[in-house]
Amino acid sequence: DDGACTPECDAASCGDGKVQAGVEVCDDGVNDGSYGSCAADCSARAAHCGDGTIDPDHEECDSGTDPACLGSCQLATSCLRIHESDPSLISGPRQIYPFGPVQSFDVYCDMETDGGGYTFLKVDVDSDVNDLPYTSKKAEGLCAGFGMRLFVPRSPAHLASAFAVATTPNVAPQGGGDNATGQ
């Protein structure tokens, strides 16, 4: 499909939806220069995710070298976003950037339970820097400070996953403590 003659024996031309080698860079058959399309003369791709320039109407970021930026040109603000960008990723520790590309913290991403994409923030409320008792109101405030909400299980499998994350040393806790197992 990249020669001077198409498989239908028509002369190749800009707008036929086939990229002619050495002549065209891009030909999607529309070639209207809109985001993700091709230039009208088939000489280049129009603005698109991965071109190194942030298009504020379509992208939050645009850099393959920035760990905060996903392949979808969205910031990695949650495990759900990470999962939607790459469903093949397995569960494990990850960094998320809910407040922008320069401020991150560690969470555990469950990429399997109930379809995947659950974000678990581990907090050690038993550390010396926390004043006990640690009420749910304090916990809600702490979660909000990370752009998250207090855990509410959505299914028995989700509850079991959360318990497993809380009781195993998989990601360091927030809150000043060092009790990674939640025990």
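This is a predicted model: local features need pLDDT of at least 70, side-chain atom pairs count only at pLDDT 80 or more; totals for chains, interfaces and linings use all residues.
**Exercise 1. Describe the overall build of the protein: how many helices and strands does it have, and in what order do they run?**

Begin with the elements, which are 3 helices and 3 strands. Next, follow the chain from the N terminus, where the order of the elements reads α-β-β-β-α-α. Then turn to burial: the protein has 183 residues, and 35% of them count as buried. The accessible surface comes to about 10,400 Å², and carbon and sulfur atoms account for 54% of that surface. Finally, consider contacts between residues at least 6 apart in sequence, of which 30% join residues at least 24 apart.

**Exercise 2. Classify the aromatic pair of Phe105 and Phe146, and work out which parts of the chain it links.**

The count of aromatic pairs in this model comes to 2. For the pair of Phe105 and Phe146, the ring centres are 4.8 Å apart and the planes stand at 75°, so the pair is edge-to-face, given that planes over 60 degrees apart are classed in this way. To place the two residues, note that Phe105 belongs to strand β2 (residues 105-110), while Phe146 sits in the loop between α2 (136-145) and α3 (156-166), so that the pair links distant parts of the chain, 41 residues apart. Both Phe105 and Phe146 are buried.

**Exercise 3. Find the salt bridge of the structure: which residues form it, and where are they?**

As background, side chains of opposite charge can pair when their charged atoms come close. The structure holds 1 salt bridge. Its partners are Arg81 and Glu60, whose closest N and O atoms are 2.6 Å apart. Arg81 lies in helix α1 (residues 79-85) and Glu60 in the segment before α1, and the pair thus links distant parts of the chain, 21 residues apart. Glu60 has a relative accessibility of 37% and so counts as partly exposed.

**Exercise 4. Identify the buried side of α3, and state what it packs against.**

First list the buried residues of α3, which are His158, Ser161, Ala162 and Val165. These residues cover an arc of only 100° around the axis, and therefore lie on the same side of α3. The buried residues of α3 pack against β2 and β3. On the face of α3 turned away from the buried side, the exposed residues Pro156 and Phe163 are found.

**Exercise 5. Describe the nonpolar cores: which residues have the most contacts inside the largest one, and which elements contribute to it?**

In soluble globular proteins, nonpolar side chains tend to be buried together. Here the largest nonpolar core has 17 residues, and those with the most contacts inside it are Ile82, Phe105, Val107, Cys109 and Leu121. Two or more residues of this core are given by α1 and by β2, and β2 supplies the largest share, namely 3 residues. As a closer look at one member, take Cys109, which, apart from its neighbours within four places in sequence, is in contact with Cys79, Ile82, Ser91, Gly92, Arg94 and Tyr118. A second, separate core has 6 residues, among them Tyr108, Phe120, Ala162 and Val165.

**Exercise 6. Examine Cys42 and Asp114: what is the phi of each residue, and is each buried or partly exposed?**

Cys42 is not a glycine, yet it has a positive phi of about 65°. Cys42 is in the segment before α1 and, with a relative accessible area of 0%, it is buried. Asp114, also not a glycine, has a positive phi of about 50°. Asp114 is in the loop between β2 and β3, and its relative accessible area of 45% makes it partly exposed.

Notes. Residues are numbered from 1 along each chain as its sequence is written. Side-chain values use heavy atoms; hydrogens and water are left out. Rings of Phe, Tyr and Trp (its six-membered ring) pair if their centres lie within 6.5 Å; planes under 30 degrees apart count as stacked, over 60 as edge-to-face and the rest as tilted. Helices (H or I, at least four residues) and strands (E, at least two) are DSSP runs, numbered from the N terminus. Buried means under 20% relative accessible area, exposed over 50%, partly exposed in between (1.4 Å probe, protein chains only). A salt bridge is a side-chain nitrogen of Lys or Arg within 4 Å of a carboxyl oxygen of Asp or Glu. Contact means heavy atoms within 4.5 Å. Accessible areas come from the Shrake-Rupley method with a 1.4 Å probe; for residues, only the protein chains shown count as cover. The arc is that of the directions from the helix axis to the C-beta atoms. A nonpolar core is a set of buried Ala, Val, Leu, Ile, Met, Phe, Trp, Tyr and Cys residues joined through side-chain atoms within 4.5 Å.
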